[in-house]
Amino acid sequence: MKLLAGLVVSVALYGGFQVLHGGAVQSAAEEAGTSGTYRLTANGDEAACAIRRGAEVSDGLSLLTVAPNCRRLMPGIERVKFWREQADGSVAFSVNGTDPVVTFSVADGDGYESYAPAAPLLSMNNDE
């Protein structure tokens, strides 16, 4: 009898979880698909650094890891912690999740080019 009651409770909990999540359960591998490693370059220079988009914190906002040597490309960029993707595909990096330090638009191909600030011009390409 206890086994049957335990089974009923388990099924009810699982069903409730499914309803709360719209019937879709994402695996860790699917969630990790939003992360990626990118190569950041300035003005077509050969100097580059790595950045990594991490886990999504909220809708369109993800954690961001910037290599310390990115400072050579744009002083202050090494302090950014967030990647915000807008509905139009543009991407903004910020320290606090709201105020952009640099903003990128989708470039030809599969990369991004910065448009704010105007200088330096930064290019970001997927490195995976």
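I began with the order of elements, which from the N terminus on runs α-α-β-β-β-β-β-β-β-β, and I noted that the model is a predicted one. My tally for the chain is accordingly two helices and eight strands.

Next I looked up the totals for the chain. Of its 128 residues, 34% count as buried, and the accessible surface comes to about 8100 Å², with 58% of that area belonging to carbon and sulfur atoms. I also checked the contacts with a separation of 6 or more, and found that residues 24 or more positions apart account for 29% of them.

I then turned to the largest nonpolar core, which has 21 residues, and recorded Leu40, Ile51, Ile77, Phe93, Phe104, Leu122 and Met124 as those with the most contacts inside it. At least two residues of this core come from each of β1 (36-42), β2 (48-58), β3 (61-66), β5 (91-94), β6 (100-106) and β8 (122-126), and β1 gives the most, with three residues.

Last, I went through the peptide bonds. Ala116 and Pro117 are joined by a cis peptide bond with omega of about -5 degrees, and Pro117 lies in the loop between β7 (111-116) and β8. The bond from Ala119 to Pro120 is also cis, with omega near 0 degrees, and I placed Pro120 in the loop between β7 and β8.

Conventions. Residues are numbered from 1 along each chain as its sequence is written. This is a predicted model: local features need pLDDT of at least 70, side-chain atom pairs count only at pLDDT 80 or more; totals for chains, interfaces and linings use all residues. Side-chain values use heavy atoms; hydrogens and water are left out. Helices (H or I, at least four residues) and strands (E, at least two) are DSSP runs, numbered from the N terminus. Buried means under 20% relative accessible area, exposed over 50%, partly exposed in between (1.4 Å probe, protein chains only). Contact means heavy atoms within 4.5 Å. Accessible areas come from the Shrake-Rupley method with a 1.4 Å probe; for residues, only the protein chains shown count as cover. A nonpolar core is a set of buried Ala, Val, Leu, Ile, Met, Phe, Trp, Tyr and Cys residues joined through side-chain atoms within 4.5 Å.
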